[in-house]
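Hello,

I am handing over the structure we talked about, and I hope you enjoy exploring it. Please open it beside this message and follow along.

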Amino acid sequence: MPRPIWKGSLAFGLVNIPVELYSATRDHRPKFRLLHAKDEEPVKYERVCQKDGKPVGWEDLVKGYEYAKGQFVVLTKDDFKTAALEKAKAIDILDFVDPNEVDERYFETPYYLQAGKGADRAYALLREALRASGKIGISKMILRDAQHLAAVEAIGNALVLTMMRFSDELADLKTFSFPGKVDVRPAELKMAQQLIDNLVSDWKPDKYNDEYKENLLRVINAKLKGKKPKLIDEDRSPMQAEVVDLMARLRASLEGRPKKAAGSSRKTAASKGRKATRTKKRVA
C-alpha cells in the first residue's frame, strides 16, 4: 500500500471528512544520471555557499525570499505555518460548479482522496451527492508550503482531487498572435470535417503508448547484451514546415484512411459529453 502524501480533512459547510491524499499518476520513464565521460562514474552534486565556496549540509539550509538584489528575508517553518492559518490540514470546498464551464487549461495533476478511519459513510455520501449533482467542488488547500486551488469530483468509487492553476498563472491569450477570421472555402471545410469524422473513436487510453520510452528501454537492453536494438517504427512521414496546398493534403489524408460506417462518427462522439472525456483523460 502506498504512503499518503498528505493527511487532513475534506470540508464543505459544517461537514469534515477525514481523508488521505495519494498520487494518481505513475512515472515509468527510465531515469538517467550524469556520469563523468572519462571513467563513467556518477557525478555528485554539492550545495556550495557563494560567499565562502564551501559545501553546505541540508541541516544548515534555510529558505529565503529575495526582496531586492542580493537581499533576503529568511522564512522558518513556523512562518509558513502562520501564513497557512488554521486551514493547513483541510481541503476547504468553497463552491460547486459545472465542469463544462471550467477551461481545460486550469487543470493540472490528479490525486486520489481515500477515506480516513471511520469516514467511509460520509465519504460515500459526498461522492454520490457530487455524482448526482453533475458538479465538481472547487477547493483550496495547503500542500508543501503553498496554497493550491483544486477540483474534487466523483470518478467510479473514488473522490479525485485535481490540482488547478489560479487565474493569474495562465498566460493571457491577448499576448499571443493567433489567426483571426479567415476565408474558409466550403469545400475545404467539408473535407476537413470528413477527415475528423474518419478519425473519431471511443476514448481508450490503453491504445496510446509512449513509443519513445519503449524504444529507449530497447536501446538500453540491447546495449547491455551487446546487440543491435529492434526499434518500434511508426512509419510516419517527416513533418514539413513550409506552406502547402491544403486541399491536396486533405484529399491525400482522406484517401489514406479507411472510411467508417455512415452516421457512426460525429453523433457518437458528441453523445459522450465533454466532461466524461476530460475526466478520463486526466486520471488515466
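Below is what was found, starting with the whole chain and moving on to single residues.

First, some ground rules. This is a predicted model, in which local features need pLDDT of at least 70 and side-chain atom pairs count only at pLDDT 80 or more, while totals for chains, interfaces and linings use all residues. Residues are numbered from 1 along each chain as its sequence is written, and side-chain values use heavy atoms, with hydrogens and water left out.

**The whole chain**

The protein chain has seven helices and nine strands. Both are DSSP runs numbered from the N terminus: helices are H or I with at least four residues, and strands are E with at least two. Of its 284 residues, 23% count as buried. Here, buried means under 20% relative accessible area, exposed means over 50%, and partly exposed is in between (1.4 Å probe, protein chains only).

A contact means heavy atoms within 4.5 Å. Among contacts between residues at least 6 apart in sequence, 64% join residues at least 24 apart.

**Strands side by side**

Have a look at β7 (residues 136–143), β8 (residues 146–155) and β9 (residues 158–164). Two strands pair if DSSP finds at least two bridges between them. β7 and β8 run antiparallel and are joined by seven bridges, with Leu143 opposite Ala146 in β8. Their hairpin has two residues between the strands, and Arg144 takes a positive phi near 50 degrees there.

β8 also pairs with β9, in the antiparallel sense and over seven bridges. In this pairing, Glu153 stands opposite Val160. The hairpin of β8 and β9 has two residues between the strands too, and in this one Gly156 takes a positive phi near 60 degrees.

**The nonpolar cores**

In soluble globular proteins, nonpolar side chains tend to be buried together. A nonpolar core is a set of buried Ala, Val, Leu, Ile, Met, Phe, Trp, Tyr and Cys residues joined through side-chain atoms within 4.5 Å. Which residues touch the most other members of the largest core? They are Leu10, Leu113 and Leu161, out of 22 residues in that core. The elements that give two or more residues to this core are β1 (6–12), β2 (15–23), β5 (90–97), β6 (107–115), α2 (120–133), β7, β8 and β9. Apart from it lies another core of seven residues, including Ile136, Ile138, Leu149 and Met164.

Leaving aside its neighbours within four places in sequence, the contacts of Leu161 include Leu21, Ile91, Tyr111, Met141 and Val152.

**Charged residues**

A salt bridge is a side-chain nitrogen of Lys or Arg within 4 Å of a carboxyl oxygen of Asp or Glu. By this rule the count comes to nine. One of them joins Glu20 and Lys7, at 3.9 Å from N to O. Glu20 lies in β2 and Lys7 in β1, so the pair ties together parts that are 13 residues apart in sequence. Glu20 is buried, at 17% relative accessible area, whereas Lys7 is partly exposed, at 48%.

Arg29 forms a salt bridge with Asp27, at 3.9 Å between the closest N and O atoms, and another with Asp210, at 3.8 Å. Arg29 lies in the loop between β2 and β3 (63–68) and Asp210 in the loop between α3 (186–199) and α4, so this second pair ties together parts that are 181 residues apart in sequence. Salt bridges that share partners join Asp27, Arg29, Lys31 and Asp210 into one network.

Finally, find Lys213 in helix α4 (residues 211–225). Lys213 is buried yet has no salt bridge, and the nearest side chain of opposite charge, Glu214, is 5.5 Å away. For charge, Lys and Arg count as positive and Asp and Glu as negative; His and the chain ends are not counted. Beyond its neighbours within four places in sequence, Lys213 is in contact with His28, Arg29 and Pro30.

Happy exploring!
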